[in-house]
Amino acid sequence: MKDIRLEEQFKGYFEGVDIPELPNGIVADAKKSAKKRDTRLPRFAKIASIAASFVLVFAVAAVLIARTDFSAMLPDEGASSTPPTVSTYDASSLRFDDENAYTLSKVDKNLKFIENLAYKPNAEVTTVVTSHFADEERAFTYAEATLISGARYDTQIFVEYSELTFEPLKTYADGKTGTYRGIKYRLTKEISEETGEPVNKLFVERDGVKYYFNVQSSDENSYIKCLELLL
């Protein structure tokens, strides 16, 4: 269920061999010798050889069967074929409070990067809101910011403290993994339907806090600007 006031605040957020010739004498002697042989012997030897081969094959098969763990091939009755679900919450269970972008470090040290952004002469932080659950536990802090640095970067930022995940952010953790200057992240790249510009959806988790950035810019790698904010 959407919260109308929150939707307004977020401004539309919810929207690969050759054989040598033999002497005749040797050949003749060989023919005489062959006539004296018992013709049953070669047949018996052939049968015995075949039988021995079968015995060997069966013996090897028996060993392989004995060593095979068939239990590993059976389906796990307790296993689920579907991926684990993410526990989420929505805006209807939250209370929102406006914050001052220039004093966010007093609210929480993890928000210092937003405060620093607000003080940059080439940036502007227009909205900052902190949300709480009914028990007063903080859920997340949301901010909207614009940075001009070679290109324009319009960014939505979420800093989430809850073990649960805010419903609109649950797909961020499904992005491709990467590392930038020691920071591990997940990234999803999209294209804005409205402007045709690249949109980078970035997810970073550090020290129990989750950071989400939705940044739209002509810069295809705009997510790097966001990662640099966390350094």
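pLDDT is the predictor's confidence in each residue, on a scale from 0 to 100. You'll want that in mind here, since what you have open is a predicted model.

**Stop 1: the whole chain.** Select everything and colour by pLDDT. The protein chain averages 78, and 64% of the residues score at least 70. Switch to cartoon view and look for six helices and 10 strands.

Stop 2: Now pick residues 13-41. Here pLDDT stays under 50, and the model shows 13 contacts beyond four places in sequence for this stretch. Then jump to residues 54-82, where the pLDDT is again below 50.

**Stop 3: the surface.** What about the inside? Of the 231 residues in the chain, 33% are buried.

**Stop 4: the second largest pocket.** Select Phe113, Glu228, Leu229, Leu230 and Leu231, the lining residues that lie nearest the centre of this pocket. In total, 16 residues line the second largest pocket, and its volume is about 250 Å³.

Next, highlight helix H5 (112-119) and helix H6 (223-229), the elements that each give two or more residues to that lining. Which of the elements gives the most to the lining? H5 does, with four residues.

Finally, colour the pocket lining by residue class.

Note on methods. Residues are numbered from 1 along each chain as its sequence is written. This is a predicted model: local features need pLDDT of at least 70, side-chain atom pairs count only at pLDDT 80 or more; totals for chains, interfaces and linings use all residues. Side-chain values use heavy atoms; hydrogens and water are left out. On a 1 Å grid over the protein atoms alone, a cavity is a set of points where a 1.4 Å probe fits but cannot get out, and a pocket is an open set with protein on both sides within 12 Å along at least five of seven lines; lining residues have an atom within 4 Å of a point. Grid points are joined across faces, edges and corners, and a volume is the space filled by probe spheres set on the points. Contact means heavy atoms within 4.5 Å. Buried means under 20% relative accessible area, exposed over 50%, partly exposed in between (1.4 Å probe, protein chains only).
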